Amino acid sequence: MTTSPFPQRTPAPATVGIIGLGSRGIGVLERLLTHAARPDWAGRRLVVEVVDPDGTGTGIHAVDQPDHLLLNTVAAQVSLFPDEATVGEVIGDRGPDLYTWVTDRGLKVGEDGHTLGDEGRPVRPDDYLPRRVLGEYLAWFLRRLLDRVPEHVEIRFHRATATGLSAGPDDSRRITLDTGETLRVDTVFLTTGHTPPAAPDPGAPGAHRRVHGIYPPAAAFADVTAGQTVALGGTGLSAMDVLASLTLGRGGRYEAADEGLRYLPSGREPRILLFSRTGIPFRARPAANRAGGPYRPVVFTPGALDRLRSAGDDRPLSLHGDLLPLIRTEMRIAFHRRAAALARGTDAEHALTERLRAAADAGTVEDELRALDREHADRFGHFDPQEQLFPDSAEFDSSDAYQKWYEERLRSDLVEARLGLGGSPVKAGLEVLRDLRDVIRHAVDFGGLDEDSHDEFYGSFTATLNRSVTGPQLDRHEELLALLEAGVVSVPFGPAPRVEWDGTAWRISSTRLGTGHGAPADWLAYATSGQPDVEATGSPLLADLLAGGRIRRHRPGARSSRGVDITADQHPVAADGRPDRKVRVLGPLCEGATFYNHYVPSPGGRNRALADADRCVTAALAELAAAEPDTSRSPAQ
């Protein structure tokens, strides 16, 4: 055997940094390990530097939060395991979704309807489980993932916060940690998720009586004592978390009553004044009892959007001129498809769907829908998507009249929510907005809308979408009605009340009631989840990147779009317009450049979160492999 007289050098390992280890960071790590285990990476060394202050993978889903804080996704629709529809053949590992995971452990839902433990009824696929259980599932998934790390891959965990990210002299990237350590990596994935906003001004009027960050709610509202008054802005998911914490979290409970629930106070609750900008309550999430696979659109398709663009020389689309007409038509189609199924069976629904597809091709779908409006009106009522999305502003003579209307709207929506996606044509029509989220992305991502439409879309229209289809669990609205009946909560102000500090208390005053209504509050809190804002961030890392010109916000002229500007390959764009191809940004930080990044992966069908992780990891590993020196040739050759 002949040996080379020249010393052989083992090439340095390729290094990848992951900053943030919530569900997005775990998704990137899973893809890295799965692809690195394939034969085409054999013989190469890979080091993954994971930076996260917790390091357990739970992200924002802390495992020590109370069980009355619930997920807004049903148990069977949560899974971290990618499937073929998302990543093709490179699966790596298969495992249980959240529903299967909790049932395999023998966990049950307690009598209160939310506590998960050893006693109670079996968990159902459509249960909204405690949020802490997702944290436990994430941590379990991470442990399982680490059990299959290939020998040539090393994972290094740094329980720290990244405070800086810069370029090294060798075109590597340097991650600065709050511990003082600096990590050298070849490429970086930024997956920090829900970054905090900038710290509030402690000298602002009333700042000492304002709850600025509502999570975790028990700690955030700890200074609010029994009998005090809290003015709570927002009526969506976060507001329901606050209500649960200030009632169930303080020893209150519910019991069944003739027409719903009755709230039994503990005596430790504050009085809560609920208000919002629109004055319109969210719609409750419907029972997920729809049979069949994913909804298949008839008119609102990527192809239809592409045709609109090509007809206008690839111009950006208009929200009201291009996008909404297709969405409204598809909502009417979904309403009538469900109505046909309920009236005449699934065969009739299938026949109607094919009829509508033919009508869409012939340009006569509106004629068909007008005929269906007349056919289904007596049994199912008239469904107007415009009114569903943008209800006319009602006028109210008094605070009492407004609250009565508010409660009636909650009750009528709960009727539809209990019927569910299988029994309510109305909910089926609205669910188009969730079912076709990827088609909406096809329209709006990466500057797909004109400037004014983009601004409206990420401003008021995303709020409209959220109010229509990503509202609270229906149980939460049943509880809200009980709290209104008990007088613990009231909604007295109508739309867009004025909020001001009068020197001794917060003063909330109506602006759109015939007879004005005002009330003082000891505390003010806004339970709203705003879009990420890279120009007003509490993240030291984002602040450093922005100050150094290494990132910029998407469409700086837009008022409502404040996420990180990225290319289609997820690279952040610097202030000078050049992308950093050694960095990729995934998750909520991209909101604005891309749409709806605030969710955890779901099984079945193509999943955008894991698909983004897969294509980015595939590209990053290919770049790292191409950059390796060729060690197969000796210096003499």
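**Terms and their grounds**

Author: Alanine 257 stands opposite glycine 260 in E14. This is a predicted model, in which local features need pLDDT of at least 70 and side-chain atom pairs count only at pLDDT 80 or more, while totals for chains, interfaces and linings use all residues. Residues are numbered from 1 along each chain as its sequence is written, and side-chain values use heavy atoms, with hydrogens and water left out.

Reader: What makes E13 and E14 a pair of strands, and how do they run?

Author: Strands (E, at least two residues) and helices (H or I, at least four) are DSSP runs, numbered from the N terminus. Two strands pair if DSSP finds at least two bridges between them. Strand E13 (residues 253–257) and strand E14 (residues 260–264) are joined by five bridges, so they pair by this definition, and they run antiparallel. E13 and E14 form a hairpin, with two residues between them.

Reader: Why are E17 and E19 called edge strands?

Author: The open sheet concerned has three strands in the order E17-E18-E19, with antiparallel pairing. Strand E17 (498–501) and strand E19 (518–521) each have a single partner strand, so one side of each is left without a neighbour in the sheet. From one strand to the next, the twist averages 20 degrees. E17 pairs with strand E18 (residues 506–509) in the antiparallel sense over four bridges, and glutamate 500 has arginine 507 in E18 as its bridge partner.

Reader: In which order do the strands of the open sheet with E11 and E16 stand, and what is the sense of the pairing?

Author: The order is E11-E20-E12-E15-E16, and the pairing is parallel. The edges are strand E11 (210–211) and strand E16 (489–490), each of which pairs on one side only. Within this sheet, strand E12 (residues 229–233) and strand E15 (residues 271–275) pair in the parallel sense over five bridges. The bridge partner of glycine 233 is phenylalanine 275 in E15.

Reader: How do you know that H6 is mostly covered?

Author: A residue is buried under 20% relative accessible area, exposed over 50% and partly exposed in between, with a 1.4 Å probe and protein chains only. In helix H6 (residues 237–247), ten of the eleven residues are buried; among them are Met240, Leu243, Ala244 and Thr247. H6 lies across E12, E15 and E16, running at about 160 degrees to E12.

Reader: Why is H6 called oblique to H16?

Author: Axes are lines fitted to C-alpha atoms, for helices over the stretch in contact, and angles run from 0 to 180 degrees between N-to-C directions. Angles under 35 degrees count as roughly parallel, over 145 as roughly antiparallel, 65 to 115 as roughly perpendicular and the rest as oblique. H6 and helix H16 (residues 474–486) pack at about 55 degrees, with their axes 11 Å apart. That angle makes H6 oblique to H16. Contact means heavy atoms within 4.5 Å, and Met240, Leu243, Ala244 and Thr247 of H6 make it with Arg476, His477, Leu480 and Leu483 of H16.

Reader: What makes histidine 477 count as buried?

Author: Histidine 477, which is found in helix H16, has 1% relative accessibility and therefore counts as buried. Leaving out residues up to four places away in sequence, histidine 477 touches Met240, Phe282, Arg283, Ala284, Leu410, Leu414 and Pro472.

Reader: Why is H12 called roughly perpendicular to H13?

Author: Helix H12 (residues 399–423) and helix H13 (residues 425–435) pack at about 75 degrees, with their axes 7 Å apart. That angle makes H12 roughly perpendicular to H13. Asp413, Glu416, Ala417, Gly420, Leu421 and Gly423 in H12 meet Pro425, Val426, Lys427, Ala428 and Glu431 in H13.

Reader: And why is H8 called roughly antiparallel to H9?

Author: The axes of helix H8 (residues 319–344) and helix H9 (residues 346–362) cross at roughly 150 degrees and come within 7 Å. That angle makes H8 roughly antiparallel to H9. The residues that meet include Ile333, His336 and Arg337 in H8 and Thr346, Ala348 and Glu349 in H9.
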